[in-house]
Amino acid sequence: TEEPKQCGHWVVGSNHSQAGGGHGSSISGIQIVTFKWHHVEAPYLIALWILVAGVSKMVVELNHSLTSVIPESALLILIGWILGGIIYGADKMQTFTLTPTVFFFYLLPQVILDAGYFMPNKLFFSNMGAILVYAVIGTCWNAATVGLGLWGCWLGGAMGDIDIGLLQFLLFGSLIAAVDPVAVIAVFEEVHVNEVLFIMVFGESLLNDGVTVVLFNVFDAFVSLGGAEIDAVEIIKGIISFFVVAFGGSLVGIIFALLISLLTRCTKNIQIIEPGFIFILGYLSYLTAEMLSLSAILSIVFCGICCQKYINANMDERSVTTVRYVMKVFANGSETIIFVFLGISAIDPAVWVWNTGFILLTLLFIFVFRFIGVFLLTWILNKYRLVPLEFIDQVVMSYGGLRGAVAYGLVAMLDENKFKEKNLMVSTTLIVVYFTVMLQGITMKPLVTWLKVKRAAVTELTLAEKIQNRTFDHMLVAIEDISGQIGHNYMRDKWHNFEERWLCWFLMKPSARKSRDYIFNIFHQLNLKDAMSYVKEVRATHKVRESHDNLILQDIVPSVCLVMHEQDLTMRESEDFNAHHLLQQHLYRGRKQVLEHRYSRSHLETNRDENEVQEIFQRTMRSRLESFKSAKMGVAPAKKIQTKHQKKDKPQKVRGEGTFSPFLRVRPHSHPLIGNVMCMLCNFMLCHF
């Protein structure tokens, strides 16, 4: 009777089948409650570790003064050390570690997809050439120099008697050259460096991972083949394999990005499930590239980069918000789990092998050769860049080469039968990760402050700045066209024309293409901002009046209080009436909700008027045109909102000079050219729409 009970913990429904058959089973009685830990062990532990990681992040964020000095990633590693010590003290062995399968198949894809999806495309592609130089040539430089440097020191006897050959040194150099985007994002987002410097470091670390994995696989194949069997043909095949794997993975990602865009083009009637396509197909792009022995990291990176524009235009606004929040939840949760388990994995005496010469020389070489590589490549790039990278930016880029879980995941994949010194490589990789994330991460912010690195702008670009930047881009294209040069701006303009003519027609909904008019979008955003500011002003006025009335009412007679209370109600009704009509005129008109409380599995809103935004735009443009004409010609607006509480002979004013318009402040002393341009623009938009 003992054997069926044990099987009942592992096989679902085994007792029921025996009872139903009635043969070969003896049941003494029905148990009211049974303890089936093995039945739920795996999902229960997963849920517990996710909870522990979330609580760890919550504990880290309790003290903002601490996180402003020590990076969040370093604090999570410290928490991992504590948890690892508790687990080792309880079990006398390390039960939980970060395995390569869990890291590469379940944690890393979410972080990379988030980074690709939220990538600033214009900034990324504007610096694409420099990023590729640092990611491809720089990674190969770091891998070769670190591997050859360690091999030379080993020949000189600086490491003692260790069983490592040249190919194994090069393999270790390739994996230790991986600049981890998880660690880079965690540190550089807290520093707030300027946009160009951030995209250089972030883009390099993102593509560097894909290049590192490709190099790792090539050298792993060389090690398996053996040094005696490697000739010129094998080396050429390895170089060809490097480019095929890298560009093939990128191509797979682009194909899946097109597929996602096409699917979201057809989800008008099933908007409730359209966010799921992004996550499923993004993950499938990663798995497909891995199945084809291509670069899975580059695949999911370019999938996120290439699909974001089209799916954001195709999907409903609520679906876009859902995708953004869910993707951030997954990415932040994965980052937290990664850093916590990087700390836990260190509390395991079985993996620690110490070799002072190997460890110290590795730390020295990754630091020195990265500085040399960055300065050498930047010196070459600055000869062709319109805006060269300054010396301070090069120092920050060199110092920002943080290593992380990618290097640890690769070194954990090594075969102990082929690599006799695997534990030494694992120990060295962990020390390099802790050194770069903690020491360099802690000193990054003081270094940026001391060097006075240009920080990122906090405020958003104004409408005038956006128009100026767009005009400048068109001027550069015209100059290149007149001079007969095919430069970066010329190629970008050709790509823009191709995208507008073919890709948008193929990948976007007709309604999305119609609403992509830039002037329409800008005025729509201005209307919303003006409306929100007006509502805030009304609320602020109410609060000030209420506080003032409360102070007065404390020292007056109740009868007078009653009269003032009635007056206050009258004033509030008047202002609410005005605000209601102003918002109704300049914003969305109210739509009656039919079947409001009916449940639906596929719809969150029963009524939606697709022409509503167009109507509001036309009405607001007419109002703006009247305001411009009145401000320029001194003519009163044709229509004003009058209520029974307002006096007709008393015009309404807002703060500052000019004609009253609740969503447009027009000053009489504005430049006449601006008024002419805006009037022409309004007339054009009214005729166009």
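A residue counts as buried here when its relative accessible area is under 20%, so D316, at 7%, falls on the buried side. Keep that cut-off in mind for what follows, and note that this is a predicted model. The chain runs to 689 residues, and 41% of them count as buried. Its secondary structure is helical, with 26 helices and 0 strands. Take contacts between residues at least 6 apart in sequence: 79% of those join residues at least 24 apart.

**Nonpolar cores**

- The largest nonpolar core holds 141 residues, and L150 and F358 are the members that touch the most others.
- Helix α11, residues 195-225, supplies the largest share of this core, with 16 residues.
- Leaving aside residues up to four places away in sequence, F358 touches L150, M159, I162, I164, F169, F172, L424 and T428.
- Another core lies apart from the largest one; it has 5 residues, including L503, C504, L507 and M508.
- As background, nonpolar side chains tend to be buried together in soluble globular proteins.

**How α11 packs on α14**

- Helix α11 meets helix α14 (residues 296-314) at about 150 degrees, and their axes are 7 Å apart.
- Angles over 145 degrees count as roughly antiparallel, so α11 is roughly antiparallel to α14.
- On the α11 side, the contact is made by L206, L207, D209, G210 and V213.
- On the α14 side, I297, L298, V301 and F302 make the contact.
- Sorted by class, the contact between α11 and α14 has 7 nonpolar residues, 1 polar and 1 charged.

**Salt bridges**

- Searching the whole structure turns up 6 salt bridges; three of these are picked out below.
- E72 pairs with K57, and their closest N and O atoms are 2.2 Å apart.
- Since E72 sits in helix α5 (residues 72-91) and K57 in helix α3 (residues 37-60), the pair ties together parts that are 15 residues apart in sequence.
- E72 is buried at 16% relative accessible area, while K57 is partly exposed at 21%.
- K237 bridges to E234, with 3.8 Å between the closest N and O atoms.
- Both K237 and E234 belong to helix α12 (residues 232-265), where they are 3 residues apart, about one turn of the helix.
- K237 is partly exposed, at 48% relative accessibility, and E234 is also partly exposed, at 23%.
- R318 forms a salt bridge with D316, and here the closest N and O atoms are 2.8 Å apart.

**Positive phi in two loops**

- S293 isn't a glycine, yet its phi is positive, near 60 degrees.
- You'll find S293 in the loop between α13 (274-291) and α14, where it is exposed, with 55% relative accessibility.
- K452 is another non-glycine with a positive phi, about 60 degrees.
- K452 lies in the loop between α19 (422-451) and α20 (463-483), and it is exposed, with a relative accessible area of 73%.

Notes
Residues numbered from 1 in each chain as written. Predicted model: local features only at pLDDT ≥ 70, side-chain atom pairs only at ≥ 80, totals over all residues. Heavy atoms only, no water. Core = buried A, V, L, I, M, F, W, Y, C linked by side-chain atoms within 4.5 Å. Buried < 20%, exposed > 50% of the residue type's maximum accessible area, 1.4 Å probe, protein only. Helix = DSSP H or I, 4+ residues; strand = E, 2+ residues; numbered from the N terminus. Contact = heavy atoms within 4.5 Å. Salt bridge = Lys/Arg side-chain N within 4 Å of Asp/Glu carboxyl O. Axes fitted to C-alpha atoms, helices over the stretch in contact; angles between N-to-C directions. Parallel < 35°, antiparallel > 145°, perpendicular 65-115°, else oblique. Nonpolar A, V, L, I, M, F, W, Y, C, P; charged D, E, K, R; others polar.
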